[in-house]
Amino acid sequence: MESSSTGTGTGGGRRAITRQKLYEAAVTLIAEKGFSATTVDEIAERAGVAKGTVYYNFASKNELFEELLRHGVGLLTVSLRTAAEETEARGGSRVEALDAMIRAGLVFIDRYPAFTQLYVAELWRTNRAWQSTLMVVRQEAVAVVEKVLREGVERGELSAEIDVPLTAAAMVGMVLVAALDWQSFQSERSLDDVHSALSLLLRGRVSGNR
């Protein structure tokens with residue numbers, strides 16, 4: 001998974017690259033074998049680094065996975081926010097911004113399917129050490145959608161009856177689940193095709209336009 005920053009200075013850049021390798025190794029291994037069955041030795045081997053390098057960057061496998069979740073959801077949040085801001089900059093409506101965010105979410109999931117599978121699976125677990133961190137980063141992503149929904153209501157583009165927090169969570173969930181279904185069971189469909197279907201749902205069910 002690509003990072004949104006490379007760190008400060010040469011040392012920071014090298015560390016960011018190393019962490020990137022560890023994130024990519026961990027996410028693919030955990031997707032293949034599960035968290036419990038994946039060892040630090042395997043993560044180091046897959047990343048092409050020494051085992052000590054893992055512990056230099058992360059205190060434990062738990063911390064590595066917690067930071068992986070924070071990193072991945074952070075990238076998703078940035079993608080959603082950028083889509084909304086670019087739509088605003090070109091004078092688009094808030095419904096158009098929501099549509100752009102749906103596409104941005106699909107692009108992200110298409111790019112990082114293993115991470116998305118892990119993220120969705122972890123959302124429903126309650127016995128993980130990183131559960132509180134996961135809830136915080138999830139809310140950061142949902143909050144980006146909430147902001148656009150509130151602006152749409154304030155501008156009269158969306159119904160004032162909308163339950164903003166629940167609708168935002170539903171939209172994020174819709175994109176995640178639809179994208180995973182697309183990749184698992186309807187892989188012959190293009191990203192444009194899936195986006196078009198979700199776009200119609202957005203415009204029919206949220207904005208009320210036909």
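This is a predicted model: local features need pLDDT of at least 70, side-chain atom pairs count only at pLDDT 80 or more; totals for chains, interfaces and linings use all residues.
Reader: Okay, where does UniProt place the domain?
Author: The unreviewed UniProt entry puts "domain: HTH tetR-type" at residues 16–76, with positions in the numbering used here, feature names shortened, and annotations that may be inferred rather than shown by experiment. Over residues 16–76 the chain is 80% helix and 0% strand, with the end C-alpha atoms 18 Å apart; helices (H or I, at least four residues) and strands (E, at least two) are DSSP runs numbered from the N terminus.

Reader: And which residues does the "DNA-binding region" cover?
Author: That UniProt annotation, also from an unreviewed entry, covers residues 39–58, a stretch that is 75% helix and 0% strand, with its end C-alpha atoms 14 Å apart.

Reader: Switching to voids, how many cavities of 30 Å³ or more are there?
Author: The count comes to one, where a cavity is a set of points on a 1 Å grid over the protein atoms alone at which a 1.4 Å probe fits but cannot get out, and lining residues have an atom within 4 Å of a point. The largest cavity has a volume of about 110 Å³, taken as the space filled by probe spheres set on the points, which are joined across faces, edges and corners.

Reader: Which helix gives the largest share of that cavity's lining?
Author: The largest share, five residues, comes from α5, and α4 (61–89), α5 (94–111) and α8 (164–185) each supply at least two. The lining includes Leu76, Met101, Gly105 and Val172, and it divides into 11 nonpolar, one polar and no charged residues, with Ala, Val, Leu, Ile, Met, Phe, Trp, Tyr, Cys and Pro counted as nonpolar, Asp, Glu, Lys and Arg as charged, and the others, Gly among them, as polar.

Reader: What about α4 against α5, at what angle do they pack?
Author: They pack at about 145 degrees with their axes 8 Å apart, where axes are lines fitted to C-alpha atoms, for helices over the stretch in contact, and angles run from 0 to 180 degrees between N-to-C directions. The contact (heavy atoms within 4.5 Å) includes Leu76 and Leu80 of α4 and Met101 and Gly105 of α5, and its residues divide into 10 nonpolar, four polar and three charged.

Reader: And how do the axes of α7 and α8 cross?
Author: The axes of α7 (residues 131–154) and α8 come within 8 Å and cross at roughly 115 degrees. Among the residues that meet are Arg138 and Val142 in α7 and Ala169 and Val172 in α8.

Reader: Last one: what lines the second largest pocket?
Author: Its lining includes Tyr119, Trp124, Arg138, Val142, Ala169 and Val172, and its volume is about 170 Å³; a pocket is an open set with protein on both sides within 12 Å along at least five of seven lines. The largest share of this lining, five residues, comes from α8.

Definitions and conventions. Residues are numbered from 1 along each chain as its sequence is written. Side-chain values use heavy atoms; hydrogens and water are left out.
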